[in-house]
Amino acid sequence: MNESVFTYGAPGLKFGEGASDEIGYDLSQYDVKRVLVITDPGVAATGHPQRVADQMGQFGIEAAVYDGTHVEPTDASLEAAIAHARDTGPWDAYVAVGGGSAIDTAKAVNLLTTNDGELMDYVNAPVGKARNPEKPLKPLVAVPTTTGTGAESTTICVLDVLAQKVKTGISHPRLRPTLAVVDPVLTLTQPAGVTSAAGMDILCHALESYTARSFASYDKKRPEERVPYCGANPISDMWSEKAMSLLSRWFRPAVQDGDDTEARHAMAMAATFAGLGFGNAGVHIPHANAYPIAGRVKDFHPEGYPDDEAMVPHGMAVSLTAPEAFRWTFEADPGRHLRAAELLAPGHDYDGPDALPNVLTDLMRDIVIPNGLGAVGYDEGDIDDLVEGTLKQQRLLATAPREVTEEDAAQILTRSLELW
Ligand SMILES: [Zn+2]
C-alpha cells in the first residue's frame, strides 16, 4: 500500500535585521542560566559571536564562546568540541553562530552532552552504529552567518570520519534547532566566493527537494518508521518554488556586490525557504555526489575560504554534478524540471531535458563556479572512486526520483568532468 501521510517539521524562526540582538531575551524564555556559544575562528574574528554572548548578560545569562569549530567538521573536531563542553558544563542551552559547520558542531555537542555514549554510536550506519538519542536535548539556537546550508532548519549533522575517509552524518528529529535566528546583517561579511558556493547550495536544496520522489510513491510506513526526509510534498514544493523565484532575481546581484543589502536580505530569505523545504522533503543525487567530491579532494583551494587546507566547499561540490543529475532525472517528471527552469530564469520557452541544465550552467558561469569536476582536480581515473562514495549515500539516493545504479552514477559523474 502506498504512503498517504507526509510530515512537516521546522524550528521556531526569527528573521530580519537585528534579530540576533534578541537571543538573550529568547533564551530567557527557556529559563536558561548558562549558555555555550559555538563558532569557528573565522566567524569569531567578525565579533558577532562575542556580541551575541555579551548581550545575554542583561538577562542574567552567563555565556562563554567556544571558537574551535572546524570548517567542514571531522570526527576529531566534533570530539574536541564535545570534550570542551563536557569539561566546562553543564550548559543549559547552546547557540551556534556561523555556517553549517558551527551549527552542525553544536548539534553534535548538544546530543553528546545530553545523551550517553560516544559520537560514533550515533553516526549513520554502516560507518557508525546509528543509535537513537533516548533523552531530550537542550535548547539550541542556530544563527547562520552564511546564506546557504539550511543547517538551522535540518535534523542532520554532517561530518568527515577521518580514519575511513568518508563524509557521513548523524540524523534524528531531536537534532533540529529549537530556534533559527536569521539576521541578514551577519551575512554582509561573507566573501563573493562563499556567496557563490553557498548560493548554489540553496539552489540545489530547492531543486532537489522539488524533483525528489513524491512522498506518496513510498510504501506506507508505521509511525515509528517515519524519517525526517519524507519526499516531495505540497508544503516542501511551496518553499522550493519561492526559493527559486528569489534566487532568479537576487543571486547574481548578491555575488556581484556583497554590500547590496537588499540582495543579502533576499538570499537569506531564499536560504531559509529552501531549508524549510528540503528539511522535510530531502535532497538526492547532487548531494549524494557531493560527499565523495568534497571528501576526496586532492589539491583545490577555492577563493574566499581558509587557505590552509585543500577543500571543495559543500555548495560547490553539490553544484558540480547538478546539471548532469537533472538532465538524467528529467524523464521522471519533465513538467517539474521545466517549471523549475522557468522559475529560475523566467521568460523563455523551455522544452526537453537540456533546458534546466542550460539554466544552471549559465548561472554557474556568471557567478564563477568551476567548470566541472575536472576544474577541481578530478579526472576519468577518479570516477570509480567517486561512484563508490556516491553509492554509500543510500539515505539520500532513496529520495531520487529514479533508481540510481552504478552505471547511472558513473555516467552523471563522467559527464560532469567538464560542464561547458
Ligand atoms: Zn547542501
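Me: Where does His172 sit?
Reply: His172 is in the loop between strand E7 (166-171) and strand E8 (179-182). Strands here are DSSP runs (E, at least two residues) and helices are DSSP runs (H or I, at least four), numbered from the N terminus. The model is predicted, so local features need pLDDT of at least 70 and side-chain atom pairs count only at pLDDT 80 or more, while totals for chains, interfaces and linings use all residues. Residues are numbered from 1 along each chain as its sequence is written, and side-chain values use heavy atoms, with hydrogens and water left out.

Me: Is His172 buried or exposed?
Reply: Buried, with a relative accessible area of 15%. Buried means under 20% relative accessible area, exposed over 50%, and partly exposed in between (1.4 Å probe, protein chains only).

Me: What does His172 touch?
Reply: Leaving out residues up to four places away in sequence, His172 touches Asn132, Pro133 and Thr155. Contact means heavy atoms within 4.5 Å.

Me: Changing topic. Which residues are the protein donors of the zinc ion?
Reply: Asp201 (OD), His205 (NE2), His287 (NE2) and His314 (NE2), lying 2.1 to 2.2 Å from the zinc ion. Donors are N, O and S atoms within 2.8 Å of the metal (3.2 Å for Na, K and Ca); water is not among the atoms, so sites may look incomplete.

Me: What is the arrangement of the four donor atoms?
Reply: Irregular, because the angles they subtend run from 86 to 169°. Four donors count as tetrahedral if all angles lie between 85 and 135 degrees; four count as square planar and six as octahedral if opposite donors are over 155 degrees apart and all others between 65 and 115, and anything else is irregular.

Me: How are the donor residues spaced in sequence?
Reply: The pattern is D-x3-H-x81-H-x26-H. Asp201 in helix H7 (residues 192-210) and His287 in helix H10 (residues 285-295) are 86 residues apart, so that pair links distant parts of the chain. Asp201 and His287 are both buried.

Me: And the fold, how many helices and strands?
Reply: The protein chain has 17 helices and eight strands. Its radius of gyration is 20 Å, close to the 22 Å that the globule rule gives for 420 residues, so the chain is as compact as a globular protein of that length. That radius is taken over C-alpha atoms, and the rule is 2.2 Å times the number of residues to the power 0.38. Of the 420 residues, 56% count as buried.

Me: Which residues touch the most other members of the largest nonpolar core?
Reply: Leu207, Val312, Leu344 and Leu360, in a core of 73 residues. A nonpolar core is a set of buried Ala, Val, Leu, Ile, Met, Phe, Trp, Tyr and Cys residues joined through side-chain atoms within 4.5 Å. A second, separate core has 30 residues, among them Leu78 and Leu111.

Me: Which peptide bonds are cis?
Reply: One joins Gly89 and Pro90, with omega about 5°. Another joins Ala125 and Pro126, also with omega about 5°. Pro90 is in the loop between helix H4 (75-88) and strand E4 (93-98), and Pro126 is in the loop between helix H6 (119-122) and strand E5 (140-144).

Me: What about the phi of Asp31?
Reply: It is positive, about 55°, although Asp31 is not a glycine. Asp31 is exposed, with a relative accessible area of 60%. Most residues other than glycine have a negative phi.
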